[in-house]
Amino acid sequence: MQGPRVSNHLFYLSIPPNIFLDVVKCASKSASSVSGWTRVIVEKPFGRDSESSAALTKGLKQYLTEDQIFRIDHYLGKELVENLSVLRFSNLVFEPLWSRQYIRNVQLIFSEDFGTEGRGGYFDSYGIIRDIMQNHLLQILALFAMETPISLEAEDIRNEKVKVLRSMKPLRLEDVVIGQYKSHTKGGITYPGYTEDKTVPKGSLTPTFAAAALFINNARWDGVPFLMKAGKALHTKQ
Ligand SMILES: NC(=O)C1=CN([C@@H]2O[C@H](COP(=O)(O)OP(=O)(O)OC[C@H]3O[C@@H](n4cnc5c(N)ncnc54)[C@H](OP(=O)(O)O)[C@@H]3O)[C@@H](O)[C@H]2O)C=CC1
Ligand SMILES: O=C1O[C@H](COP(=O)(O)O)[C@@H](O)[C@H](O)[C@H]1O
């Protein structure tokens with residue numbers, strides 16, 4: 001029901017990606033705003049690869065226009081990540097040091113001290129690389145490594161991040177390690193292994209841990225490894 005005042009509708013899809021399209025279809029047919037705007041926020045992962053990402057965009061555009069769709073990565077809203085640009089570009093001490101001349105390696109670490117704990121349904125079909133590395137950590141890497149943008153407008157920052165991504169060497173298999181957590185005991189409590197979670201398919205080989213060395217082929221970062229590590233059910237939350 002909508003009253004006489006302008007009412008805007010915002011849908012935030014914090015749901016598994018396989019139901020994005022059904023939800024958007026229902027929302028746009030039955031719950032679009034009549035008097036104001038209707039917008040949809042879509043969480044990562046936006047598809048499994050470029051083909052499924054393009055298919056998802058095509059699907060969403062059956063019901064929405066591009067300016068109604070907001071693809072977000074909630075890690076970009078974290079204080080530490082937001083402060084990264086300020087630290088780099090507004091600080092005369094750091095900017096001259098931000099290169100291969102002074103930095104031996106860069107480590108991007110995501111570590112959770114709990115496992116899937118009954119939420120393995122979505123996670124198992126994506127794994128830690130698509131859940132954390134390809135989006136959250138890659139976004140932070142791009143922000144960390146980019147050149148100074150023309151302005152701090154979203155479009156200008158995005159252009160610089162794209163240049164970093166395009167300068168990256170393709171990942172080699174020998175630069176990647178994957179793993180899956182087993183049952184462990186901490187403080188007298190035993191926690192189940194990944195495949196003992198009832199929401200995870202039996203015998204799943206989905207990685208819950210991954211580490212990779214990435215390289216950026218440009219004058220600033222040539223030869224500096226960007227070490228990414230991400231894992232669930234590790235010792236610390238970091
Ligand atoms: N887990 C997290 O902390 C974060 C997750 N995300 C993103 O959020 C999305 C969902 O992840 P997560 O929360 O772990 O997933 P969950 O599996 O916990 O599902 C989230 C919600 O989706 C509902 N849901 C699941 N399947 C269906 C279905 N077939 N029909 C209708 N509703 C359904 C669930 O409802 P019900 O409970 O009723 O089953 C639940 O409320 C992913 O895109 C993920 O990347 C982003 C940031 C953080
Ligand atoms: O996007 C995700 O992030 C959460 C961790 O988010 P945080 O804000 O609590 O650090 C992670 O548990 C989940 O697997 C992933 O989908």
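**Close-up 1. The loop that holds Glu 117.** Glu 117 is found in the loop between strand E4 (106-111) and helix H4 (120-124), where helices (H or I, at least four residues) and strands (E, at least two) are DSSP runs numbered from the N terminus. Phi of Glu 117 is near 45°, a positive value in a residue other than glycine; most residues other than glycine have a negative phi, and most peptide bonds are trans. This is a predicted model, in which local features need pLDDT of at least 70 and side-chain atom pairs count only at pLDDT 80 or more, while totals for chains, interfaces and linings use all residues. Residues are numbered from 1 along each chain as its sequence is written, chains are lettered from A and ligands numbered from 1 in the order in which they are written, and side-chain values use heavy atoms, with hydrogens and water left out.

Close-up 2. Lys 44 and Pro 45 are joined by a cis peptide bond with omega of about -5°, and Pro 45 lies in the loop between strand E2 (38-43) and H2. The protein chain is divided into domain 1 (9-72) and domain 2 (93-231), with bounds that come from an automatic or database domain assignment. Between domain 1 and domain 2 about 670 Å² is buried, 52% of it on carbon and sulfur atoms; buried area is the accessible area (1.4 Å probe) that two parts lose on being put together, summed over both. Lys 44, Pro 45 and Arg 48 supply 77% of the area that domain 1 buries against domain 2, more than any other three residues. The centres of domain 1 and domain 2, taken over C-alpha atoms, are separated by 25 Å.

**Close-up 3. The packing of H1 on H2.** Helix H1 (residues 20-30) and helix H2 (residues 50-60) pack at an angle of about 10°, with their axes 10 Å apart; axes are lines fitted to C-alpha atoms, for helices over the stretch in contact, and angles run from 0 to 180 degrees between N-to-C directions. H1 and H2 are therefore roughly parallel to each other, a term that covers angles under 35 degrees, whereas over 145 counts as roughly antiparallel, 65 to 115 as roughly perpendicular and the rest as oblique. Phe 20, Leu 21 and Val 24 in H1 meet Leu 56, Gly 59 and Leu 60 in H2, contact meaning heavy atoms within 4.5 Å.

Close-up 4. On the H5 side the residues Leu 138, Gln 139, Leu 141, Ala 142, Leu 143 and Ala 145 meet Ile 157, Lys 161, Val 164 and Leu 165 in H6.
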